[in-house]
Amino acid sequence: MRLLVVEDDLAIQGFLRRALVEAGYQLDTASDAKTAELKALEGSHDAFIIDLGLPDMDGLDLIARCRAQGSSTPVLILSARRSVDERVRGLEQGGDDYLTKPFALAELLARLRNLLRRSSAPQNDSVRLQAADLQLDLVRHEARRGDQLLQLTPQEFSLLEYLCRNTGRVVTRTMILDHVWRMRIDTATNIVDVHIYRLRNKVDLKTSEPLIHTIRGVGYVLKHA
Amino acid sequence: MRRVLRTSAAWRLSIWTTLAFALGTGLAFSIVYFLVARGIQERSDAWLRGEARVLAQVSADTPRDRLYRRVVTEVVELATREVPDERNEQGQSLNAVFFLEQDPNNSDGPLWVGPADEGPFLSAIQQAKPVAGAPQPIKVDSWPTTFQVVALYENGRTIYLGLSNRGAQHLLGKLTRRFLMVWGGTVLMGFLISYLSARRTLFRVERITETVARIGTEDLCERLPAQAKSDEISRLSETFNRMLDRIQSSVNQLRCVTDAVAHDLKSPITSIRGTLESALCNEPKEMWCDSIGEAIEGLDRLLHVLNTTLDVAEAQAGALRMDRSTVDLSDVVRKLVDLYQPAMAERHHEVLVDLENHAAVDADPGLLNRVVSNLLENELTHLPAGHRIAIRLHSYNGSTKLVIEDDGPGFPPDVSNRAFERFVKGKHSPGHGLGLAFVGAVVHAHGGAVSISDRPTGGAVITVSLPTSILQPA
């Protein structure tokens, strides 16, 4: 997978480069719209990551120019503006996505994955999820750890399902609220942690290997050794 | 000086009012003048016609004998006495009257009664040849004014009776002169009065301008002096003072907010920096994870404060981007209570929920979520462990009320009347004083109201009311 990162702030460009290469992507970078346009037209990228505040052109205009030249590469927009303007919302409906700064790297990676999946293969709609000896039946809404059926509330099941779908990948509290509760709220309390704690008490039995791990400062990950 | 006058509103104002006043009175006088002149003319014409007819009768009835001339002359003189004897300053009679009878059968020549020198009269009449019965003005040489002359033709004789217009003209002239004197005086006085009163009024405006200019550049605490009279200008200065009050309170508030933001940002920054620095200097690399995690959590809290501050500022400035639709508030509350329930239980709070179904309101769903979550977050943060929280939702009379009540210690007295302002919080409160400010601002932006109170039995009550939607939620 090859990405083009267009970002004029070299510090941000640097950390994006490190993180994305670490995540297994190949990377081109550009610090201004002119260079970006030239590189984009070579046409070998699977996604663009474009900052809106470029020195020589508005990021949205850059996207418009690429689209006008027939490029259909999906775009992840980075914006320092807090309120997202209507034009960006419009792009979101067209299949592109946006993220406001500052963002958690985990969320950037998750959105990027979504974007790439949307543009290539259809989503894998399996009815069963499995991680180690944890099994989820999405049709019957049943979760088992080994042979044991777990007594989960619907909410806990959705939370576990979300963690399971992202096995091995860190999800932030914001992502959990967004995907499991479908709410974009900003909390300074431990509401998500308490849900995870309850879920963990049911899923990670004393006798088995713990699956749900806390990554301090970032979020949670479901993985097995 | 000329420039000052030209730019002075008092000057312009009085010029225009004076001009209008002068024109108006001038017009009124012209109408009076015209009516008076016509009245005098009609009266003298009526006298002339009547008298001419009488004299013609007398002349016809009197036998043509020796006494004829004497009789007619006496009758004429008698008649002319009817004209009031007006004299001018030199004692000259103004009502010169003449009578002329021309009879071709009379061998003594025309009969003349009137001013001594009859020559110019005879030639003037000869020239004018007045029409019978209709008085008309005739100019006589060596007389300053015209004569109104009526002619009658009877049995071959012609009778002329003339009356000098001098009296009428003198009267009208006097009228005009008097008017002009009075008019000039009045106009001048009117100008002075309007100029002085306009200047007096505008001088007060000028003083306001000076004070405001000084306030603008120097001291925001200064106020316009209270005006003695209650008029437009005193209202102007009251309005100015009110505006200044608001500006000053905004400036003070801004200062408080800036201080509070600085404080709220500085302490987490200090702790983050300290954590990282101590990890770098004192901890082995394998132990850094915890410190880094702690630092990121600190940064997230920082971001939370920053975002909420900006949100509240935006909401209070009325700059919120709202995408309204009909939302069932009971759904929102139920979902959020489910989300917060475990954390509440963790704090040993008991949450009682009494929600009316289908409480439709017109609101931005995202903002509404945040309003309700802020209220719950407020309970979670401020209520000491082990209390009871009651959440009720009901619609009544076009208003949907969400009441959140607890049996905790209630609002601290220094907070209760300002809880919805930014950065207002209890002394020992762990929050930043932004949550309720955000709730207040957003609810106001939706046309609703928020209030807080203490329960008589102890505990805090927060009531949010929003206008009930007339539509059903989609």
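**Close-up views of a predicted two-chain model**

**View 1. The hairpin of E7(A) and E8(A).** His141(A) takes a positive phi near 55° in the hairpin that E7(A) and E8(A) form with four residues between the strands. The structure shown here and in the following views is a predicted model. Strand E8 of chain A covers residues 142-145, and its pairing with E7(A) is antiparallel, with four bridges. Within this pairing, Gln135(A) has Arg144(A) of E8(A) as its bridge partner.

**View 2. The two faces of strand E7(A).** Strand E7 of chain A comprises residues 134-137 and has one covered and one uncovered face. Leu134(A) and Leu136(A) belong to the covered face, whereas Gln135(A) and Asp137(A) belong to the uncovered one. Gln135(A), on the uncovered face, is the residue that is bridged to Arg144(A) in E8(A).

**View 3. The hairpin of E6(A) and E7(A).** Two residues lie between E6(A) and E7(A) in this hairpin, and Ala132(A) in the turn has a positive phi of about 50°. Strand E6 of chain A, residues 128-131, is joined to E7(A) by four bridges in the antiparallel sense. Ala131(A) is placed opposite Leu134(A) of E7(A), and Leu134(A) is part of the covered face of that strand.

**View 4. The four-stranded sheet of chain A.** The strands of this open sheet follow the order E6-E7-E8-E9, and their pairing is antiparallel. E6 and strand E9 (148-150) of chain A are the edge strands; each has a single partner strand, so one side of each is left without a neighbour in the sheet. On average, neighbouring strands of the sheet are turned by 25° against each other, direction ignored. Three bridges connect E8(A) and E9(A), which pair in the antiparallel sense. Arg144(A) has Leu149(A) as its bridge partner in E9(A).

**View 5. Helix H6(A) on the sheet.** Helix H6 of chain A, residues 154-165, packs on the sheet and touches E6, E7 and E8 of chain A. The direction of the helix makes about 70° with that of E6(A).

**View 6. The side of chain A that touches chain B.** In the contact between the chains, 20 residues of chain A meet 29 residues of chain B. Helix H8 of chain A, residues 191-203, gives the most to the side of chain A that touches chain B, with four residues. By class, the residues on this side of chain A are eight nonpolar, seven polar and five charged.

**View 7. Helices H8(B) and H9(B).** Helix H8 (residues 329-346) and helix H9 (residues 365-382) of chain B have axes that come within 10 Å and cross at roughly 30°. Angles under 35 degrees count as roughly parallel, and H8(B) and H9(B) are therefore roughly parallel to each other. Their crossing is right-handed. H8(B) contributes Val332(B), Val333(B), Leu336(B), Tyr340(B), Ala343(B) and Met344(B) to the contact, and H9(B) contributes Leu368(B), Asn369(B), Val372(B), Ser373(B), Leu376(B) and Leu380(B). The contact of H8(B) with H9(B) contains 10 nonpolar and two polar residues, but no charged ones.

**View 8. Chain B as the setting of the helix pair.** Chain B contains 10 helices and 12 strands. Of its 474 residues, 25% are buried. Among the contacts in chain B with a separation of 6 or more, 63% are between residues 24 or more positions apart.

Notes:
Residues are numbered from 1 along each chain as its sequence is written. Chains are lettered from A and ligands numbered from 1 in the order in which they are written. This is a predicted model: local features need pLDDT of at least 70, side-chain atom pairs count only at pLDDT 80 or more; totals for chains, interfaces and linings use all residues. A residue is buried if 20 or more other C-beta atoms lie within 10 Å of its own, exposed if 12 or fewer, and partly exposed in between; C-beta atoms are placed from the backbone. Two residues are in contact if their C-beta atoms, placed from the backbone, lie within 7 Å. Two strands pair if DSSP finds at least two bridges between them. Axes are lines fitted to C-alpha atoms, for helices over the stretch in contact, and angles run from 0 to 180 degrees between N-to-C directions. Angles under 35 degrees count as roughly parallel, over 145 as roughly antiparallel, 65 to 115 as roughly perpendicular and the rest as oblique. A crossing is left-handed if the near helix is turned anticlockwise from the far one by less than a right angle, and right-handed if clockwise. Ala, Val, Leu, Ile, Met, Phe, Trp, Tyr, Cys and Pro count as nonpolar, Asp, Glu, Lys and Arg as charged, and the others, Gly among them, as polar.
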